[in-house]
Amino acid sequence: MRAVMVGVMGLGALLVSFGIVFFLWAPATATSVPTPKTASAPAPAPAPSAQAARAAPIAAAFAESTGSIGSAPPPPARLPVSVAAAPACQGGADALGVSRTVEIDTTDGPGFGFEHFKQHDFLQPGEVVLTFDDGPWPHNTPAVLAALAANCTKAVFFPIGEHSMWAPEILRQVAAAGHTIGSHTWSHKDLAKLSVQDAKDEIEKGISAVHWALGAPAAPFFRFPALSHAPEMVTYLGERNIGIFSTDMDSLDFKIRKPDQVIASVLAKLKKNGKGIVLMHDFQRATAEAAPELLRQLKAGGYKVVFLKAKAPLQTIASYDGMILKDVKLPTLSDRPTSNVVRTIAN
Ligand SMILES: [Zn+2]
């Protein structure tokens, strides 16, 4: 018996050693992305709230859909251990790609997007910045990620805090693919209609939620819900050294709902503006369905993607980290995936 135990312990030590060797072998420049605990589990059912109520009919439609969204490549069962270790993009010459990557120094909270901020005109003619709001969301966010990956291109995501708590594994897929992830408040309220304290809470809880979901800091990039720039909060974001991202062209994809019309809307506005930050929603099914063809047409139209990265990560405020955990769930011990907990034994 003892010999068996020693043998088992020896095997364990060997595996641990192998793990350490593998870890040391990994590229030193790799950015670690925590492996989700339930990566293979189905996306969690959203908790009830105003946001969920707004989304519920759409979510039901996803479940019934057998179209292109349903057939999009499923998310990987396990995430790559690092962004740098991900396989090189296989998009070929037809892929949109990234023409240049720029670093944004968000000290004092600069604003971008000519709809509201005209100070920093950093894009050349034909250059676009792809941005996606309101995720992470089952089916739609992975479909947008698949389209971006097929095109070897990168975007900036502005996820909602509550959605990030419901579907952290999807947000981690966004991070693992190397996209920039900012924040977009806790529950997508219009901050101009809230008290100063409530508006700050919405901003900070959103930042803490993204950090919690990723197990890593968000970028200091923020987008106001409905582009409603409450002046006190613009100043507050400056004090927090968080950059504010409005848009040069709003796709209005959340109103359109038809993929071909989303594409037409973006291309028409780009043609008029010639360049700019494009606001879309990975939350929206029409946008997810439109993404492959939209990216193909951007490439065909000669547009170049500029990818934005933050100069420094964003630190959360500890009291808000605690606050969001109270909102997320009761302290059940089980974190096993549903497929391990519930099994069909007769039907
Ligand atoms: Zn939004």
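Visitor: Where is Arg240 placed?
Guide: Arg240 is in the loop between helix H7 (231-239) and strand E7 (243-245). Helices (H or I, at least four residues) and strands (E, at least two) are DSSP runs, numbered from the N terminus. Residues are numbered from 1 along each chain as its sequence is written. This is a predicted model: local features need pLDDT of at least 70, side-chain atom pairs count only at pLDDT 80 or more, and totals for chains, interfaces and linings use all residues.

Visitor: Why is Arg240 called partly exposed?
Guide: Because it has 19 other C-beta atoms within 10 Å. Buried takes 20 or more within 10 Å, exposed 12 or fewer, and partly exposed lies in between, with C-beta atoms placed from the backbone.

Visitor: What separation do the C-alpha atoms of Arg240 and Asp108 have?
Guide: They are 7.2 Å apart. Along the chain, Arg240 and Asp108 are 132 residues apart.

Visitor: New topic. Is H6 mostly covered or mostly uncovered?
Guide: Mostly covered: 14 of its 19 residues are buried. Gly215 follows H6, and its phi is positive, near 65°.

Visitor: And how do H3 and H5 pack?
Guide: H3 (residues 140-150) and H5 (residues 168-176) pack at about 10°, with axes 10 Å apart. Axes are lines fitted to C-alpha atoms, for helices over the stretch in contact, and angles run from 0 to 180 degrees between N-to-C directions.

Visitor: Which residues make the contact?
Guide: Thr141, Pro142 and Leu145 of H3, with Ile170, Gln173 and Val174 of H5. Contact means C-beta atoms, placed from the backbone, within 7 Å.

Conventions
Contact = placed C-beta atoms within 7 Å.
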